[in-house]
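Look at the structure first, then read on.

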Amino acid sequence: GLAAFVTCPIDVIKTLRQKHQTEGVALSAGPKSGSYKDIFEYLLAKPIAGFSGLGPRLLRIPLGMATMMSGIETCKWAFEWRRQRQ
């Protein structure tokens, strides 16, 4: 959770730069260009924009971890069961 909160603004900066590189035009709702200077000015003017997408990200991480851990535990159980049968 903490890592997702800390790295969210970094991902927003990366996404804004990618958006400007692919579209090549400034959006009225975003920074003037894809330069770091313009993006930082935009985020200083609207600091909450740096945390856009945080909710879904905080939901995705625990669900992904739960899926991974249940997969690991199922594999451990299956290997142990197979080893005991032999």
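This model is predicted. Its largest nonpolar core has nine residues: Cys8, Val12, Ile13, Leu16, Ile39, Tyr42, Leu43, Ala49 and Leu54. Two elements, α1 (2-23) and α2 (36-45), each give two or more residues to this core. The biggest share comes from α1, with four residues. In soluble globular proteins, nonpolar side chains tend to be buried together.

Take Ile13, one of the core residues. Beyond its neighbours within four places in sequence, Ile13 is in contact with Tyr36, Ile39, Phe40 and Leu43.

Now turn to α2. Which residues of α2 are buried? They are Asp38, Ile39, Tyr42 and Leu43. Viewed down the axis of α2, these buried residues fall within an arc of 135°, so they line one face of the helix. The face turned away from that buried side carries exposed residues: Lys37, Leu44 and Ala45.

| Group in α2 | Residues |
|---|---|
| Buried | Asp38, Ile39, Tyr42, Leu43 |
| Exposed, on the face turned away from the buried side | Lys37, Leu44, Ala45 |

Ile61, Met65, Met68, Met69 and Ile72 make a nonpolar surface patch of about 420 Å². Ile72, one of these patch residues, sits in helix α3 (residues 54-85). Is Ile72 buried, exposed or partly exposed? Its relative accessible area is 38%, so Ile72 counts as partly exposed. That class lies between buried, under 20%, and exposed, over 50%.

Technical notes: Residues are numbered from 1 along each chain as its sequence is written. This is a predicted model: local features need pLDDT of at least 70, side-chain atom pairs count only at pLDDT 80 or more; totals for chains, interfaces and linings use all residues. Side-chain values use heavy atoms; hydrogens and water are left out. A nonpolar core is a set of buried Ala, Val, Leu, Ile, Met, Phe, Trp, Tyr and Cys residues joined through side-chain atoms within 4.5 Å. Buried means under 20% relative accessible area, exposed over 50%, partly exposed in between (1.4 Å probe, protein chains only). Contact means heavy atoms within 4.5 Å. The arc is that of the directions from the helix axis to the C-beta atoms. Patches are made of residues with over 30% relative accessible area and no salt bridge: like charges are joined within 9 Å, nonpolar side chains (Val, Leu, Ile, Met, Phe, Trp, Tyr) within 5 Å. Accessible areas come from the Shrake-Rupley method with a 1.4 Å probe; for residues, only the protein chains shown count as cover. A salt bridge is a side-chain nitrogen of Lys or Arg within 4 Å of a carboxyl oxygen of Asp or Glu.
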